[in-house]
Structures are given as structure tokens and as C-alpha cells.
Amino acid sequence: MAIDYRSDTMTLPTDEMKEYMMQAPVGDDVWGEDPTIQQFQKEIAHLLGKDSALFFPTATQVNLASVMAHCQRGEEYIVGQEAHCYKWEAGGAAVLGSVQPQPIDLEDDGTLNLTTVEKFIKPNDQHHAITKLLCIENTCAGKVLPIDYIQEARIFCDRHGLGLHMDGARVFNAAIDLDVEVEKITKYPDTITLCLSKGLGCPAGAVLVGDQRLISKAFRWRKMLGGAFRQGGILAASGQYALNHHIEDLAQDHENARTLSEGIRSLNDLRIQVNYQATNMLFVKISDKSLISFAKNRNILFPDGEILRLVTHRNISAEDIQSTLDMLKDWLGTCLDTNKTKE
């Protein structure tokens, strides 16, 4: 099996998870009769400290349905320029929801400066879209939002009559990093996206968690967006299994990312430099893209680009980290030999 750093979506369900899925009782969820989905939604809502939850096929669809639940046509949401629900989801809110995004630059720590956000809230004027929602992301490029900041964002939104949505696709990574119960993070936003198919190892699935009023709106949007399930309890069961068995394992992913980061730094070579590491991600600048093909020949998969986002996950072991560092040393040696030949 390849050592795959391209994303934590590359995680695979374990044999135990697959067995648990196959034993799950199921029914038609469009009729509200899938017992596993119903139970899972109650469990995840309780865990995140909210009234209700709704199971979806993907986190992209969760973010879209959430924006559409908060905003009507002609309204807008404020969001980071690099945020997933703005940059990486094909413009769904604008195209399908007729909701205008108002992107602003993120701060270095992944937060949105609330003073800057305030400047972009539109006045009550017929010329402008109506600002209705602030979207934050946690983790954001691996960076964990401080709980104090999320609380400040809640107070800010209440003062300005805005909803607050958190794209918490990797919110359990944030909780592990801060060593807190996830509810300490999720109690402030009105709605939270949770992805099951990243570091948790589920084959598919995501959840929208929030108050009953917004979840009821999202329920209708899910149907319109084609996200309703029939016997979807087979997938929801993977989420149940992950919540009980895989959350704590995220700490090892963080440790592996730190080890890889420290190992690359110890190479002390300008041809490969760590920009930063946070939770299960590190961003590495390389001077020569030959590394990508060199790594692939060693059965190690990196994303393309001059800045590599390397993501550790449950299918990358400590031994794989060492194999990667050995490969990098060999690559640097090859680069040195090539330069000598040119001379």
C-alpha cells in the first residue's frame, strides 16, 4: 500500500468498521425509518452539545445546505478567502443558493479579524446584499481556532444579528489538539459541519449539527440537493464506530506530523523547508518538483506543487514517517550527485 500524504480523505475503513457497518439495522431514511441514522444523529447532536443533527453524504453538501438554511436568495455570507466553503466547493452557495459570498483575507492563525469583518457587513440599503452569516473554519489548514476567539465571534454575531456557521470538518482534530471535549468548541456556533471521511476513516458521510429550526430548513435543502438516503444506516454505522474507536487515534496523526516536520527541519537543506506544521498537516516548500516523481517511485504519494500540503492520517504509521525521511535523504543525495555531474 502506498504511503499517501495527499489528504486524510485517503483513510480506509478498518475490517472492524466494515463488519460493524454490515450488522447495522437499516430502513428508509426518507420516511424517517432508518434506525441507525436516527440513533447516530441523536448521538452526534448530544456529543456536540446541540439540539439536532442531520446526516449527509458529503461535507460539501453540508456546508451548502447550512448556508442555504441561514440565508435566502440575495443575502450574503462572510467567509475567508482560503476557506473550504468558499474556495474549494465549486461556488455552490452562489450557483445553487443564489447567496453571495463576501470573502476576506484570513489572519495567519486561521481566524477572521472581527474588526475587518465588521467593515464588510453591508448597510441596510437596496443596493446591497443583506449580510446574514459569518462562516469560520476549524481546523483551517491544520490550524486550531482558539476557543476564546470562537466565543468572541459568537458575541460579535449576536451584536450584528448574524448567524455563525463553523466548517468543523476536522473539529475533532481541534479538540484533540486543545485536549478538551469537543462540546467546548462547538457550543458557540449555530451550525457545525462534521466530516466523517477524513481522519476518522469512514468511507463516506458528514453531519450538520445545530438547533432544530436550522436543521429543519437544512432537511428540506438536503432533499432538493439530492442528499436524501434510503438505507443509509450502513454509512451512518461507520460514523458510530468511528466516534467510539477512532477519535483518540487522531493524536497519533498529530504526533506523526510533528515527527515528519522535525525530521525535515533536521535535514537543514534549502531544497526542502517546512513553512509550518499544525495538527495533522505540514506545509513544505520544495525547490525542485522532481521530488514528487522520486517519491512516487518509492510508493510515497505527495500532492503536486511547489508548496506541498502533507497530511498525516490513520493509514500512515510511525514506520512510514521514517521511510519518508529516508526517501527525502536519498532524494537530496540524488540532487547533489546531479549537480556534481553538471559541474
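Me: Leaving aside neighbours within four places in sequence, which residues is A175 in contact with?
Reply: A175 is in contact with V180, V182 and I185, where contact means heavy atoms within 4.5 Å. This is a predicted model, in which local features need pLDDT of at least 70 and side-chain atom pairs count only at pLDDT 80 or more, while totals for chains, interfaces and linings use all residues. Residues are numbered from 1 along each chain as its sequence is written, and side-chain values use heavy atoms, with hydrogens and water left out.

Me: Is A175 buried or exposed?
Reply: Buried, with a relative accessible area of 5%. The cut-offs are under 20% relative accessible area for buried, over 50% for exposed and partly exposed in between, with a 1.4 Å probe and protein chains only.

Me: Which helix is A175 in?
Reply: A175 is in helix α8. Helices (H or I, at least four residues) and strands (E, at least two) are DSSP runs, numbered from the N terminus.

Me: At what angle do α8 and α12 pack?
Reply: About 75°, with the axes of α8 (residues 171–178) and α12 (residues 250–267) 9 Å apart. Axes are lines fitted to C-alpha atoms, for helices over the stretch in contact, and angles run from 0 to 180 degrees between N-to-C directions. The two helices are therefore roughly perpendicular to each other; that label covers 65 to 115 degrees, with under 35 roughly parallel, over 145 roughly antiparallel and the rest oblique.

Me: Which residues of α8 and α12 meet?
Reply: On the α8 side, F172, N173, I176 and D177; on the α12 side, L250, A251 and H254. By class, that contact has 4 nonpolar, 2 polar and 1 charged residues.

Me: Switching to the core. Which residues touch the most other members of the largest nonpolar core?
Reply: I44, L134, F172 and V207, out of 50 residues in that core. A nonpolar core is a set of buried Ala, Val, Leu, Ile, Met, Phe, Trp, Tyr and Cys residues joined through side-chain atoms within 4.5 Å. Another core, of 27 residues, lies apart from it, with F294 and L332 among them.

Me: What does I44 touch?
Reply: A53, F172, L194, V207, V209 and L243, not counting residues up to four places away in sequence.

Me: How many disulfides?
Reply: The structure holds 0, a disulfide being a pair of cysteine sulfur atoms within 2.5 Å. For C71, the nearest cysteine sulfur is that of C135, 7.4 Å away.

Key: Nonpolar A, V, L, I, M, F, W, Y, C, P; charged D, E, K, R; others polar.
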